[in-house]
2 protein chains.
Amino acid sequence: MKLKYAVIGAGAIGGYYGGRLAHSGNEVHFLFHSEYDHVKKNGLRVDSVVGDFLVQPINAYSATADMPKCDVVIVALKSTQNHLLPDMLRPILHDGTVVVLIQNGLGLEEELAQQFPNLTIAGGMAFICSSRVGVGHISHQDYGPLTVGFYQHPKQEVLLQMKADFENAQVPFNIAEDLNVARWKKLVWNIPYNGLTVALNTSTDVIMRTSSSRQLVTDMMEEVLAGAEVCGAKIDHSFIDDMLSMTDKMTPYSPSMKLDFDNKRQMEIRAIYSNPIRIAKASGFYMRKVEMLEQQLLFIQERMRG
Amino acid sequence: MKLKYAVIGAGAIGGYYGGRLAHSGNEVHFLFHSEYDHVKKNGLRVDSVVGDFLVQPINAYSATADMPKCDVVIVALKSTQNHLLPDMLRPILHDGTVVVLIQNGLGLEEELAQQFPNLTIAGGMAFICSSRVGVGHISHQDYGPLTVGFYQHPKQEVLLQMKADFENAQVPFNIAEDLNVARWKKLVWNIPYNGLTVALNTSTDVIMRTSSSRQLVTDMMEEVLAGAEVCGAKIDHSFIDDMLSMTDKMTPYSPSMKLDFDNKRQMEIRAIYSNPIRIAKASGFYMRKVEMLEQQLLFIQERMRG
């Protein structure tokens, strides 16, 4: 089976994965916005720790209406853009299309499923350090594994072919048996560090070596585990220690939300905070410290605008 | 009965109240630190919305060892200095002395009582806007009532005489029947606004007109009410609405902790946050958002030092 890929949101994440797939011989169609003219002419440049490459010629588009229908649609937009997604997707879906949301947070597949009840939807989690360093130019600094699991109407044979394609393209690929568990596990890290680096205007290493903030991180992780459990995602308590010691070993790091804050871009508060808080509350657990962080981030976002 | 007063910590609060008492003819002995030489020579100057005055000559001292034993000792130090209090107090106490802690927070009378189990200890809450604007120079901008209640070994006749002396000195004076309730009531305002103006680096009016922070203030007030209740201080829920609408009507205001933060002084985290959190937790209620604010303030304090 030969899969035809689309990449919606060809930035640091989508551009890297899509670029890898195209570079290793897959048919990949990329949607660009402001970068379209540059990329159409010069190609997509990826500097990567596992080898640099240029995607040229490239199937670049400025609107999905011009793209062919695809078998796999990789959505790597920031989740703050997801209200645009239904209209963007319609032209490129056929009856068997698999849409993979490689995005942070919780509840995004559910929102898409409300618009497309019969669509095969999967969620993807990228464990990667990459960034857009110029127009049509991505820098991949570290890691790279992608984890994908189905949200509804699974198509196992497509997922297995994706795994083969990604691995052939030098991207480690894991299949998540339970997307809900995988999403909540990612939140155990994302919820404390994304927001606290913004609210305390600092980096992960300073948070970890200050006892009060280190304890606060732990408290929030405990809340996320309790929230996950009432939502049917049981995560072993030792996972907290794993996350803490992983972060202890990391080089000082600014999570994506901190980069958004520093660059005065909109933060992904809804997907990473509001949705998990609401979903856990509906199932009976109130993540109070997590909610306080959400409230502070909403305050900061509002002041940033004003 | 003629009372002999001592004022320990003759700053914005102690200097104002002690100054009023001296100006209206009471015997008041003031302890100064860095301001001693200036005040000894030039007196204590108070600019006040209810009338300016100068205390000159003044009973000024640079150590309590030089002071006479007094009937009422007004302690208006910042609570971060309370570890110095036992040694400072000893020279000026007689068997009948009443010590009044005009300080923010909770648990300070208890700490003092551990050192002086037989001492008459009261707590005082000042509802006042005043500040030190220069050496030996206090500016009193608004309000002024003082509320005092006993913590242990009450001496009602002294309290009634104090009330008469303060009222004669143009200071409205309320007697708190239950100090615990009065302390917790003050915390309903102090806990959200002191810390949040620091953590969000803003002022009360901005907090009030931003929906997320306004909700957070309300959430924290609810926690304080629940904490108070398990500690035997039942406060009516309508008090929250009273505090919110009072703050809505206030001119933009920087609470004392925000002033400490702006001037890189130590913040009263222990008295206003750590003690209430610990005391409520011991009685069975965990103020989670309040604790998160404490953790953030400890982080900020630690970074300020570093």
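This is a predicted model: local features need pLDDT of at least 70, side-chain atom pairs count only at pLDDT 80 or more; totals for chains, interfaces and linings use all residues.

Student: Why is B:Pro57 counted as exposed?

Tutor: B:Pro57 has 8 C-beta neighbours inside 10 Å, and a residue with 12 or fewer is called exposed, so B:Pro57 falls in that class. B:Pro57 sits in the loop between β4 (53–55) and β5 (59–61) of chain B, and its C-alpha is 26 Å from that of B:Phe173, which is 116 residues away in sequence.

Student: What makes the peptide bond from B:Gln56 to B:Pro57 cis?

Tutor: Its omega is near 5 degrees, and the bond is cis. In chain A, the bond from A:Gln56 to A:Pro57 is also cis, with omega near 0 degrees, and A:Pro57 is found in the loop between β4 (53–55) and β5 (59–61) of that chain.

Student: What makes helix α1 (residues 14–23) of chain A largely enclosed by the rest of the structure?

Tutor: Of the 10 residues of α1(A), 9 are buried, and the helix is therefore described as largely enclosed. Among the buried residues are A:Tyr16, A:Tyr17, A:Arg20 and A:Leu21. The helix is followed by A:Gly25, whose phi is positive, near 105 degrees.

Student: Why are helices α6 and α9 of chain B called oblique to each other?

Tutor: Helix α6 (residues 179–199) and helix α9 (residues 238–249) of chain B pack at an angle of about 50 degrees, with their axes 10 Å apart. Roughly parallel would need an angle under 35 degrees and roughly perpendicular one of 65 to 115, so α6(B) and α9(B) are oblique to each other. The crossing is right-handed, and in it B:Lys185, B:Val188 and B:Trp189 of α6(B) meet B:Phe239, B:Ile240 and B:Met243 of α9(B). By class, this contact has 5 nonpolar, no polar and 1 charged residues.

Student: Which residues does α6(B) use against helix α8 (residues 211–230) of chain B?

Tutor: These two helices pack at an angle of about 145 degrees, with axes 9 Å apart, and α6(B) passes α8(B) in a right-handed crossing. The residues of α6(B) in this contact include B:Trp184, B:Leu187 and B:Val188, and those of α8(B) include B:Val217, B:Met220 and B:Met221. The contact residues divide into 12 nonpolar, 1 polar and no charged.

Student: How do you know that the two copies are related as by a two-fold rotation axis?

Tutor: Chain A can be laid on chain B with an RMSD of 0.0 Å by a turn of 180 degrees and a shift of 0.0 Å along the axis, and the copies are thus related as by a two-fold rotation axis. Of the residues of chain A, A:Lys289 comes closest to that axis, at 2.8 Å for its C-alpha.

Student: What makes you say that the copies meet through the same surface?

Tutor: Because 100% of the interface residues of chain A are also interface residues in chain B, the copies meet through the same surface. The contact takes 14 residues from chain A and 14 residues from chain B. On the side of chain A that touches chain B, α12(A) gives the most, with 8 residues, and by class that side has 5 nonpolar, 6 polar and 3 charged residues.

Methods: Residues are numbered from 1 along each chain as its sequence is written. Chains are lettered from A and ligands numbered from 1 in the order in which they are written. Axes are lines fitted to C-alpha atoms, for helices over the stretch in contact, and angles run from 0 to 180 degrees between N-to-C directions. Helices (H or I, at least four residues) and strands (E, at least two) are DSSP runs, numbered from the N terminus. Angles under 35 degrees count as roughly parallel, over 145 as roughly antiparallel, 65 to 115 as roughly perpendicular and the rest as oblique. A crossing is left-handed if the near helix is turned anticlockwise from the far one by less than a right angle, and right-handed if clockwise. Two residues are in contact if their C-beta atoms, placed from the backbone, lie within 7 Å. Ala, Val, Leu, Ile, Met, Phe, Trp, Tyr, Cys and Pro count as nonpolar, Asp, Glu, Lys and Arg as charged, and the others, Gly among them, as polar. Copies are superposed by least squares on the C-alpha atoms of residues with pLDDT of at least 70 in both. A residue is buried if 20 or more other C-beta atoms lie within 10 Å of its own, exposed if 12 or fewer, and partly exposed in between; C-beta atoms are placed from the backbone.
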